[in-house]
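Here is a short tour of one protein chain, written to be read with the model open beside you.

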Amino acid sequence: MSTAFRFTEPPPPKAATGRVAEVYAQLAHDFGIDKAVTFVVLSSAPEILAPAWALMRESLIAGAGSRTGKELAAYGVSRANKCPFCVDAHTVLLHATGDHALAERLARGEQPERAEHARVLAWGQHTRVPGAGLMPYPFPREHAPAYIGTALAFHFINRIVSALLTEQLLPGNVQRLRPVRSLAGRSLARTVRRCAVPGAALALLDDPAPGPAWAAGTTVGPAYAALRSATAAGAGLLDADEQAVVREALWDWDGSHPPLAWAALPDRREHPGARLALLAALAPYRITQEDVTAWRRPEHTDHCLVHLVSYGAFAAVDRIESSFSLHAARETS
């Protein structure tokens, strides 16, 4: 098993067929990273893999607005979620856009020089807080679906990565060396700077709904709706009381990272499934082998674990998204 994966052993990418193979083909063409582990880790559940890829592609890659701006938003989201793997990845991708000085300022822990970049970065970070004042947007209103979709895509991806992958983007974390991240970024430059046609990933989805109002008229909405539907199936791994525990904790969540002495976290001996789902939602980096072992039964395959973690992760995403839906409703009323 690759050292990149925690708790699951995804099928070998070279053996992929059907929809999984189609996702990998689009990843290589549009993302520039062949069989990226951030998506390979979801391949035990193709019905989640496809919409997760679609949401990222249709927002970050093919959506309206500058790629630098959307990478900054994704960087801010990843920093707010304490996901070092994704922070490093977006630093490399900022190099790929050609914004080398900006990437290195962030790598040093400094703020962007340009005020408009600083505003987008701050906006991305603040999206972790449900109900945060996120308007006026630090980008043109017509670009909002792509920026919001990017933020929500990475609120999901960060949680999957923190739960199911190690922190190493490259072996030995060599991407934290300036020459390495610069070189890695340059190797992706041609793909990152190429214009992608919206809608290609929607062919991978099963009859998606139109999606939320903030994404109306774009390909981001159906991708979001499809991921919401696919992850909801994980609720079936919990009983009604456990689902209520997750919902209530998310309803009260203020965007903060839970304390180590987290009274609301279910005991792994009594409710291991609810514990895993809630950790995936609010502190996925704290999931341990003991947590997984306490929940896992002979009938619980990697497919089941991916579904349970995805259910918890998307519960947090949906809580965050409710703020954008509320803003959209106010704009149209």
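## Ground rules

Throughout this report, a residue is buried when its relative accessible area is under 20%, exposed when it is over 50%, and partly exposed in between, using a 1.4 Å probe and protein chains only. Helices are DSSP runs of H or I with at least four residues, strands are runs of E with at least two, and both are numbered from the N terminus.

This is a predicted model, in which local features need pLDDT of at least 70 and side-chain atom pairs count only at pLDDT 80 or more, while totals for chains, interfaces and linings use all residues. Residues are numbered from 1 along each chain as its sequence is written, and side-chain values use heavy atoms, with hydrogens and water left out.

Let us begin with lysine 82, which sits in the loop between helix H4 (67-80) and helix H5 (84-97). This lysine has a positive phi of about 55° although it is not a glycine, and with 48% relative accessibility lysine 82 is partly exposed. Aspartate 207 is another non-glycine residue with a positive phi, here about 45°. Aspartate 207 belongs to the loop between H9 and H10 and is exposed, at a relative accessible area of 76%.

The bond itself is cis, with omega near 5°.

The expected span of a helix is 1.5 Å times one less than its number of residues. H5, with 14 residues, reaches 20 Å from its first C-alpha to its last, close to the 20 Å expected. Most of H5 is covered, since 13 of its 14 residues are buried. Just after H5 comes glycine 98, with a positive phi of about 100°.

As for burial, 21 of the 21 residues of H8 are buried.

## Salt bridges

A salt bridge here means a side-chain nitrogen of Lys or Arg within 4 Å of a carboxyl oxygen of Asp or Glu. How many salt bridges does the structure hold? There are 15.

One of them pairs arginine 19 with aspartate 206, with the closest N and O atoms 3.2 Å apart. This pair links distant parts of the chain, 187 residues apart: arginine 19 is in helix H1 (residues 18-31), and aspartate 206 is in the loop between helix H9 (178-192) and helix H10 (220-232). Arginine 19 is partly exposed, at 25% relative accessible area, whereas aspartate 206 is exposed, at 62%.

Now turn to arginine 275 and aspartate 291, whose closest N and O atoms are 2.7 Å apart in their salt bridge. Here arginine 275 in helix H12 (residues 272-282) is joined to aspartate 291 in helix H13 (residues 289-295), 16 residues apart. Both partners are buried: arginine 275 has 15% relative accessibility, and aspartate 291 has 2%.

A further bridge runs from arginine 296 to aspartate 302, at 2.5 Å between the closest N and O atoms. Arginine 296 is partly exposed, with 24% relative accessibility. Elsewhere, salt bridges with shared partners join Asp30, Arg57 and Glu58 into one network.

## Helix H11

Helix H11 (residues 240-252) has 13 residues and reaches 19 Å from its first C-alpha to its last, close to the 18 Å expected. Its buried residues are Glu242, Gln243, Ala244, Val246, Ala249 and Leu250.

What caps the N-terminal end of H11? Aspartate 239 does, through a side-chain oxygen that lies 3.1 Å from the backbone nitrogen of aspartate 241. Such a polar contact is a pair of N or O atoms within 3.5 Å; within protein, one must be able to donate a hydrogen and the other to accept it, and residues adjacent in sequence count only if both atoms are side-chain atoms.
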